[in-house]
Amino acid sequence: ENAKLISRSIIRESYKIDDETMVTFSVGPEPLEQIELERENAKTCLALGIPALFSYEMVQCGDKVGVIYEHMLAKTLGHQIMEDPDHLERYAALYADSLKKKHSIHVAPGKLPFIEDDYRRSLEAMKGLLTDEEIEKCSRLVDAVPDRDTFLAMGFNPGTVLYKDGEIYMN
């Protein structure tokens, strides 16, 4: 209650609780197992050397369940760009370099979820929102992506990643 919204994507919202913590909720319904997996994935990312926020505990607020994370008093990269548009090229290069580094980290099987499974679950959840033909087209796109053993950041965009002191952190 009365927490300040600090980032929003299609599937998540993050709110500042105080100077040291923030909470992230799913916008729509999400099983508790998935929320716990997100919390554990944040810890795994840190162990792999991926700049990410430390996750603490799961909490309930009204009908939503979320995860409390450290709050670094950082801005989203999107807010940083809007406040400093003269350096857009520098931020774009930082964003691209950050993504390339993250996507080159090899991950042992079972350490993080297989991204194809996430996309398939998302497509299943979109039945009723998309036509069968659209679902089939999306499924073919997922099938076309080669299997890899490297980290893949889902939802890594300027509106959700955090920027502080020249570094980008996963939120």
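Colleague: Which residues of α1 are buried?

Modeller: This is a predicted model, by the way. In α1, the buried ones are Gln34, Ile35, Arg39, Asn41, Ala42, Thr44 and Cys45.

Colleague: And what covers them?

Modeller: The cover over the buried residues of α1 includes the strands β4 (55-61) and β5 (64-70), along with α4 (115-125).

Colleague: How does the span of α1 fit its 16 residues?

Modeller: It agrees with what you'd expect: at 1.5 Å a residue α1 should span 22 Å, and its end C-alpha atoms are 23 Å apart.

Colleague: What follows α1?

Modeller: Gly49 does, and its phi is positive, near 90 degrees.

Colleague: OK, on to the inside. How many residues are in the largest nonpolar core?

Modeller: There are 17. The ones with the most contacts inside that core are Ile50, Leu77, Phe151, Phe156, Ile168 and Met170. As for elements, α2 (77-83) and α3 (88-103) are the ones that give two or more residues to this core.

Colleague: What does Leu77 touch, then?

Modeller: Skipping neighbours within four places in sequence, Leu77 is in contact with Tyr91, Tyr95, Pro158, Val161, Leu162, Tyr163 and Ile168. Another core lies apart from the largest one, with 12 residues, among them Ile35, Leu53, Val65 and Tyr69.

Colleague: And Thr76, where does that sit?

Modeller: Thr76 is in strand β6 (residues 75-76). Thr76 counts as buried because its relative accessibility is 3%. Not counting residues up to four places away in sequence, Thr76 touches Ile6, Ser7, Pro158, Gly159, Val161, Leu162 and Tyr163.

Colleague: New topic: Val142. Buried or exposed?

Modeller: Buried, with a relative accessible area of 12%. Val142 belongs to helix α5 (residues 132-144).

Colleague: Which residues is Val142 in contact with?

Modeller: Once you leave aside neighbours within four places in sequence, Val142 is in contact with Glu116, Tyr119, Arg120 and Leu123.

Colleague: How far apart are Val142 and Glu124 in space?

Modeller: They're 13 Å apart, C-alpha to C-alpha, and 18 residues apart in sequence.

Conventions. Residues numbered from 1 in each chain as written. Predicted model: local features only at pLDDT ≥ 70, side-chain atom pairs only at ≥ 80, totals over all residues. Heavy atoms only, no water. Core = buried A, V, L, I, M, F, W, Y, C linked by side-chain atoms within 4.5 Å. Buried < 20%, exposed > 50% of the residue type's maximum accessible area, 1.4 Å probe, protein only. Helix = DSSP H or I, 4+ residues; strand = E, 2+ residues; numbered from the N terminus. Contact = heavy atoms within 4.5 Å. Expected span 1.5 Å × (residues − 1).
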